[in-house]
Amino acid sequence: MHLLTLNGEWKMKRTDEAEWIDAVVPGSVFQDLLQAEKMEDPFFRDNEYDILELTKFDYEYKRRFFVEGDALNHDQVLLRCEGLDTLCELSVNGTFVLETNNMHRTYETDIKGLLATGWNEIHVVIRSATNYVLDKDKEYHLSSCADAVPGISHLRKAHSMFGWDWGPKLPDMGIWRDISICGHDIARIEDVYVTQRHENGQVELEIAVQLQQWSEAGLRLIATLETPDGTKLEAVAENVDQASKLSIVVANPELWWPNNLGSQPLYSLRVQLLDEERELDGQALSIGLRKLTIRQEQDEWGESFEFEINGKSIFAMGANFIPEDNVFGRRSAERMEQLIRSCVEANYNCIRVWGGGYYCDDYFYDLCDRYGLIVWQDHLYACGAYDFNDDFKESIRLETIDNMKRIRHHACLGIWSGNNELEYAWAYWGWVERYGEKLRDDYLRQFEEFLPELSRSLDPNTFYWVSSPSSTGGIDDPNKEEIGDMHYWDVWHGRKPITEFRTLFPRFMSEFGLQSFPLLKTVETFTLPEDRNIFSYVMEAHQKNGTGNEKIMFYISEYFKYPKNFESLLYVSQLIQSEGMRVGVEHWRRNRGRCMGAVYWQLNDIWPGASWSSLDYFGRWKATHHAAKRFFAPVLASACEEGTTVALHVTNETLDQVNGVLRWRLMDHKSDVIQSGEAETSMDALSTREILALNFAETLNTKQKLRRSYLNFEFVVEGKATSSGTVLFVKSKHFDFLDPAIRFSVTEEEDRFVIRLESQAFAQFVSLDLIDADARWSDNVFDLSAGRPVSVTVGKESLSEPLTLDAFKERLTVTSLFDTFE
């Protein structure tokens, strides 16, 4: 049972300095140094390189705490450390009690004999992880991300803290999660594992409880389940031993569904351990009633790979999550909720926790439970080789136990995956020739024997996948289209056109992407005016993918005119990214059944700079995130164009039949209608099909007509357009745009502002923004036709600061692609 929190106010300093400064736990060294103004902003200009040198020092933390006399009467008094990053030495009242070397573990040690009634002191020394990995790399080189500090595979610390091709080399450290003192008598609950059996319209919960017991007593377990409507169901077990099972039957279960497929009812389960009427220990879990797995069956294209929820195979839509800040002390539940809400508003139903980061805090999984995001959870290994020695094996065994037991009960958890791209590396990157058979065999022992067996023993109810990507395992062509999941990087790294995505038919695409820059207001946070050229020293310092800026310019040159200034270039880079993601996702959704997932790289940023993210470091939506709200829409109308032919499709990713009208208009650049048509359509649940095949060869029979015509289409359900799109017959850079002369008006309602826009000609990629403020737009970065006004709303609660109507109007900016070139 919890006795005393050690969270809160501490003191800290560098070990070679005399002055102690104020610190906060949970937190981090960087956060405390920043608060004390002992460190420059690590993200500003090129400060990263100086801050890296600070990580080569050791740091120490201390605090006093008061212990009441009765706290020492417990059988056990444990120091519980839920997050120590990473190489830590702990002492209590001057006596050494614990040494740690794994950021991802929870550590406990008995300190009863060291505590005194009254004031006590705890002291934590944190050794330099940077020095450790550099020294280890000299002893034994293990391949890892080329953009990271060498040697990171030797240490169980979030790899991306040391740098990646989207983030800086800023390995923060500290007491990053709760630290407390707990007391136990007679016995404690060691583990609770819930198995659901769905049969005959009801759900039986089998609750397996493991105890740790050191005194003889007749103990009792009570399991209480509270349903969403407040009803309580109870099961009791008397005279329990170290392993017990209880059962609760839910007669009318409310099932948990992913976002846009249903609701997310949650049940509260509490398990209590009692000695007569005295509660010795308790655990509380929030669970959702659902059947969730990966379905793999032979079919005409190979073998399926698809999430199956409550008997329905669904198309997974989402992105890859990376750590949200290099300054670990700045992470928070409030910040994470904003990120998760952005996912839900963009119609995600899935999120992948990438293996180069950390096992997320409990609030992350709670949020995914509440909002309906299926979690693809990697184990924490990425793009590196690992020495599978006995000490390493034991460390990751305990790490895996700690985190699987903590996470596995969540309704959102859909899959465990062994690692990111390790099988891919051994298969395709020439690692056997470069690093030898010993490390390859270590990979096979660790990831195809040890971790799968351990994971299945801890969570047999959740699907396990050996690596991402993988096909059949065994380092056998792991990136096949016909089976398993796929990562595809020839668009971007290989400079292939974005239409190359349409040549691919993966069973599940779990990584693909294009880079972009953030908006100017974000760039201004880390630059001076003289830095604002993408090939300046500072801008290149904030681009961690070697030739990334060159590639951005390459893709811009392929599709758009040369931007007229720095701000326009930043914005047009986002259009390349959003168009690439749209082309890929719409293609794979049109091939629903053959392909059943599109999870792009990447969701968020670890710092402000160029990257593959659709949300920048501050959570601002890039063009891709606005596009995702449309291309991940439950009901999607999309087009596949080739020359003057266009196939119009409708995809229905809901559990209901959808009836509507698919309308199209062929228009010139003034938005005058050349041709039009429509088709009434009825779409079955969870289906896709081609509705119309259009051919405009006879109409668009000159180069000028091709450059001055576009197709607009929309799918209308009950009088409202639920999805729409535009097709150009030439690249945007060759289209004959007229000045759209966009006009707008703003009105105020009680809880929102309404912006009405109209144009005098076709406008592509119309963007709305606020000067020195942020807002959440109901739609943004959209196309606008003359004579077809569009209304966009902004909820007042989404504003970064309160604005009057006049202030909102004054700060509002409206631009389109036409404004980005001369």
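User: Is H14 enclosed by the rest of the structure or open, and how many of its residues are buried?

Analyst: Buried means under 20% relative accessible area, exposed over 50%, and partly exposed in between, with a 1.4 Å probe and protein chains only. Helices (H or I, at least four residues) and strands (E, at least two) are DSSP runs, numbered from the N terminus. In H14, 7 of the 9 residues are buried, so this helix is largely enclosed by the rest of the structure. The buried residues are Ala 623, Thr 624, His 625, His 626, Ala 627, Ala 628 and Phe 631. The model is predicted: local features need pLDDT of at least 70, side-chain atom pairs count only at pLDDT 80 or more, and totals for chains, interfaces and linings use all residues. Residues are numbered from 1 along each chain as its sequence is written, and side-chain values use heavy atoms, with hydrogens and water left out.

User: Against which elements do the buried residues of H14 pack?

Analyst: Contact means heavy atoms within 4.5 Å. The buried residues of H14 pack against H4, H13, S32 and strand S33 (635-642).

User: How is the packing of H13 with H14 described?

Analyst: Two packed helices are described by the angle between their axes and the distance between the axes. Axes are lines fitted to C-alpha atoms, for helices over the stretch in contact, and angles run from 0 to 180 degrees between N-to-C directions. The axes of H13 (residues 566-590) and H14 (residues 623-631) come within 8 Å and cross at roughly 20°. H13 is therefore roughly parallel to H14; angles under 35 degrees count as roughly parallel, over 145 as roughly antiparallel, 65 to 115 as roughly perpendicular and the rest as oblique. The crossing of H13 past H14 is right-handed, the term for a near helix turned clockwise from the far one by less than a right angle, with anticlockwise giving left-handed.

User: Which residues form the contact of H13 with H14?

Analyst: From H14, Ala 623, Thr 624, Ala 627 and Phe 631 take part, and they meet residues of H13 including Leu 575, Met 581, Val 585 and Arg 589. The contact of H13 with H14 comprises 6 nonpolar, 4 polar and 3 charged residues. Here Ala, Val, Leu, Ile, Met, Phe, Trp, Tyr, Cys and Pro count as nonpolar, Asp, Glu, Lys and Arg as charged, and the others, Gly among them, as polar.

User: At what angle do the axes of H4 and H5 cross?

Analyst: The axes of H4 and H5 (residues 362-371) cross at roughly 35° and come within 10 Å. H4 passes H5 in a right-handed crossing. Among the residues that meet are Ile 340, Arg 341 and Val 344 in H4, and Phe 364, Leu 367 and Cys 368 in H5. By class, this contact of H4 with H5 has 9 nonpolar, no polar and 3 charged residues. Arg 341, in H4 (residues 333-345), is partly exposed at a relative accessible area of 33%.

User: Is Asp 616 buried or exposed?

Analyst: Asp 616 is buried, with a relative accessible area of 4%. This residue lies in the loop between S32 (597-600) and H14. Leaving aside residues up to four places away in sequence, Asp 616 touches Pro 518, Thr 522, Asp 605 and Lys 622.

User: How many disulfides does the structure hold?

Analyst: A disulfide is a covalent bond between the sulfur atoms of two cysteines. The criterion is a pair of cysteine sulfur atoms within 2.5 Å, and the structure holds 0 disulfides. For Cys 350, the closest cysteine sulfur, in Cys 368, is 9.4 Å away, too far for a bond. The closest cysteine sulfur to that of Cys 360 is also in Cys 368, at 7.8 Å, again too far. Cys 350 is buried at 1% relative accessible area, and Cys 360 is buried at 0%.
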